[in-house]
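Morning, everyone. Let me walk you through one model. Please have a look before I start.

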Amino acid sequence: MLIMKTTDRPSCWNRLKQRIKDRQRRIHRRIELARLKRIRKKNTPQYSCCKNCGTPLEGMYCYRCGQYALDVEQPFWKYVRQYFENVYQFDTKIWRTLWYMFTRPGFLTAEFNAGKINSYVHPSRLYMCISVVFFAVFFMLVGERAGDFNALDDGLLRPRIVEQLKKTDAPADTTVYLYQVPRLVKTLTLRFNVAEAGSLISYQPVDNPYGLSRTTLPRLLVDPCLRQTSIATQDWDFIRQARALKHLDIENWIDGRDYGPDNVAAIRAFPIDSLHTTTADGRDSLTLVPGTVYTWNGDKNAEVDELQKEQFTDSILGGLSKWTPFYMMFLLPLFAALLKLFYRRSRMPYMWHFVHAIHLNTVFLILLCIPLVPFFAYGIDGLLAAQQTLDSVQQNFLRSSFIGFPVAMFLYMLVSFRVVYRQGWAKTTVKAVLFFVLFSTIAALLASALLLWLLAAEGEAI
């Protein structure tokens, strides 16, 4: 009986392996059958001879001059569809390519290396389309969040005052006219992690949110943090022009100027004093004097410093948006060279490794959206506030979005190495770990060098 047990175990294991192989063969046969059906699908042109050279047509393309048998009487939407199909291959190929890319790692590379190219979107074209969309959206959203980084570096508020604000339940009981209120709220939220800053400080802008605003905030912030300043000329002219209207008919005056009830309330409530003066010829005149306005910046040159920081940030983002795509393109041949070094005994041409590198980097750009979505959705202030407001399940989900990206990328690369190079799991795992660490280190060093070069160039410009 012991002999039968020892002989049964290998047979069960062999049967399991055979079933897995049979299932893989069936999947490959179904994929191949679907591919051949798509290729052999007959399209009949709308006319029998080529409009360009007069050669009888045997398909949708003329075999003599290569012109496509375009139906000039077709609807406009078909022209648009054919444009994307011919230029970007955005027909059913794109969805089929993306489906196989994520459900069967390494399959597209193996198909391309086997010569089955036209059934899927070309790797270079797919990477260019994904990278253009990714970087365009990425830097557009990063530009909108650039103010968060400036607020993190703002040290104008005194930490002692903010600590008292956190410990005591300070009510919003003081109303003043204050400049740069949104920046004050953002600094409290980001630098000092005051999650209730938006509820502690309410404001009604006179003209624009970052200008003069009628602000209600705790008295604890007024005396030590605010200083009296002069009202800007454009704000004073705007208020005087609005208040000079008959019956204070401000609503009709601002109609169509993108102002709302908050602006009207701030204009109506602005304090204006009357000052009697005597002219040179002895006549009495009445002069309107604006009320007291404040700014929370303790330094007189704070506004200039803020503009310089914003200009510096915009310049760095502009440089990154220009050079990051080239940096990613430079990594592709480096990635392929490392693949050829790790799998030099496979004797594959360099171009096969390069196609594999393109597919893996395309997946990298798509998976990179996972950790970026929370940042763009909430911003830095929202993420800091989420640590206090979200429950444990939501916080775990938020953390998993950042941790899951490198894990998912490594697992995908591991399976792709196994499919393309057909080595054992143990050897593939060791090579995947070494490759992942080596390439990540090289990419990080190159990215750091690029960032330091941009910072140095911008420092010289300033």
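So, is Cys 369 buried, exposed or partly exposed? Cys 369 is partly exposed, at a relative accessible area of 34%. For the terms, buried means under 20% relative accessible area, exposed over 50%, and partly exposed in between, with a 1.4 Å probe and protein chains only.

A word on the source. This is a predicted model, where local features need pLDDT of at least 70, side-chain atom pairs count only at pLDDT 80 or more, and totals for chains, interfaces and linings use all residues. Residues are numbered from 1 along each chain as its sequence is written, and side-chain values use heavy atoms, with hydrogens and water left out.

Staying with cysteines. A disulfide here is a pair of cysteine sulfur atoms within 2.5 Å. By that rule the count is zero. Take Cys 49: the nearest cysteine sulfur belongs to Cys 50, 8.6 Å away. Cys 49 is partly exposed too, with a relative accessible area of 36%.

Next, the sheet. Helices (H or I, at least four residues) and strands (E, at least two) are DSSP runs, numbered from the N terminus. Two strands pair if DSSP finds at least two bridges between them. Five strands make an open sheet, ordered E2-E3-E1-E7-E4, with mixed pairing. At the edges sit E2 (202-205) and E4 (227-229), each pairing on one side only. E2 runs antiparallel to E3 (residues 212-217), over four bridges. Ser 202, for one, has Thr 216 in E3 as its bridge partner. Helix H13 (residues 261-269) packs on this sheet and touches E1 (174-179), E2 and E3. Contact means heavy atoms within 4.5 Å. The direction of H13 makes about 85° with that of E2. Axes are lines fitted to C-alpha atoms, for helices over the stretch in contact, and angles run from 0 to 180 degrees between N-to-C directions.

Now H11, residues 233-243. Asp 235, Trp 236, Phe 238, Ile 239 and Ala 242 are buried. They lie on the same side of H11, because they cover an arc of only 160° around the axis. That arc is taken from the directions from the helix axis to the C-beta atoms. Thr 233 and Gln 234, on the other side, are exposed.

Last, Pro 123, in helix H5 (residues 123-144). Pro 123 counts as buried because its relative accessibility is 3%. Leaving out residues up to four places away in sequence, Pro 123 touches Phe 112, Val 355, Ile 358 and His 359. Helix H15 spans residues 350-367, and 13 of its 18 residues are buried.

Note on methods
The expected span of a helix is 1.5 Å times one less than its number of residues.
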